[in-house]
Amino acid sequence: MSAVLSRLLSDLSIVVLEHTGGRAFVPMSAIPDWLEALWPAAKVSGEALRPGESFLFLDDFIDRALAHWEGGSHAPLASGLWTETRADGVEILLEATARLIEGRRLLLIHIPSEQQTRGIYQQAREQRLAYEHLLDEINKREILLHCIVHDLSNPLAGIRGSLKLMEQESMVSSDGDELLRISLSQTEKMQRSIRSILQAFSVDAKPLLPSIVPADAAPDIARCARNVTASMSA
């Protein structure tokens, strides 16, 4: 490769490696500074380079590239984007492409263009918003589940307890025995339905998002205790 072309590729943030066998490559273009900062071994001349050992993401892609080259396809094979971190903590977005040109197996590593990067960040923001919306919907479902389980089952238990007490103490006339039996049967049916709902969603019983209630809107625990006592005092 000519010095001019090699310099041009370097200015475009592209490095070209040629496969020499196994998992080894040799550079065909100048090693740009950004790649040297991530991969110091790339600057060592006279030695085969093994990018898969330094970039774990590429290790898997090289397997795919070898199969791609073996198949004789001339279509480019893209790795997809990945990030590497420099020694100073700065992350760099990278992409690799496998090409077969005139029988030569080439691996191109480059930094995506600014326009492509903006598109990726925009997509990431949209996915983040969609994720937050999904969490919000899940949290609403969890609140509804807890309302069904607790706000319905607790009063129902009080109703059933009162009916059972009326049955045991013979507090209902003979004409009302059938109505009492039907009432008890229906309360037991509702309790079974609530248990079925709880079992179906038992894995998701805990809210994924914390529910924080302001102090002035929180339930009065003393009043709650009085209500429970009043409902069960019979």
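Predicted model: local features only at pLDDT ≥ 70, side-chain atom pairs only at ≥ 80, totals over all residues.
**Exercise 1. The overall layout**

Work out how many helices and strands the chain has, and in which pattern they follow one another.

*Solution.* Start with the tally: the chain holds seven helices and five strands. Next, walk along the sequence, and the pattern reads α-β-β-α-α-α-β-β-β-α-α-α. Then turn to the contacts between residues at least 6 apart in sequence: 51% of them join residues at least 24 apart. Finish with burial, where 27% of the 234 residues count as buried.

**Exercise 2. Checking helix α6**

*Solution.* Now look at which residues of α6 are buried: Leu180, Leu184, Thr187 and Ile194. As a hint for reading such a list, residues three or four places apart in an α-helix point the same way, because there are 3.6 residues a turn.

**Exercise 3. The largest nonpolar core**

Find which residues touch the most other members of the largest nonpolar core, and which element supplies its largest share.

*Solution.* This core has 26 residues, and Leu17, Phe61 and Ile109 touch the most other members. At least two residues each come from β1, α2, α4, β3, β4 and β5. The largest share, six residues, belongs to α4. To zoom in, take Ile109: leaving out residues up to four places away in sequence, its contacts include Leu17, Trp34, Leu58 and Trp82.

Notes
Residues numbered from 1 in each chain as written. Heavy atoms only, no water. Buried < 20%, exposed > 50% of the residue type's maximum accessible area, 1.4 Å probe, protein only. Helix = DSSP H or I, 4+ residues; strand = E, 2+ residues; numbered from the N terminus. Core = buried A, V, L, I, M, F, W, Y, C linked by side-chain atoms within 4.5 Å. Contact = heavy atoms within 4.5 Å.
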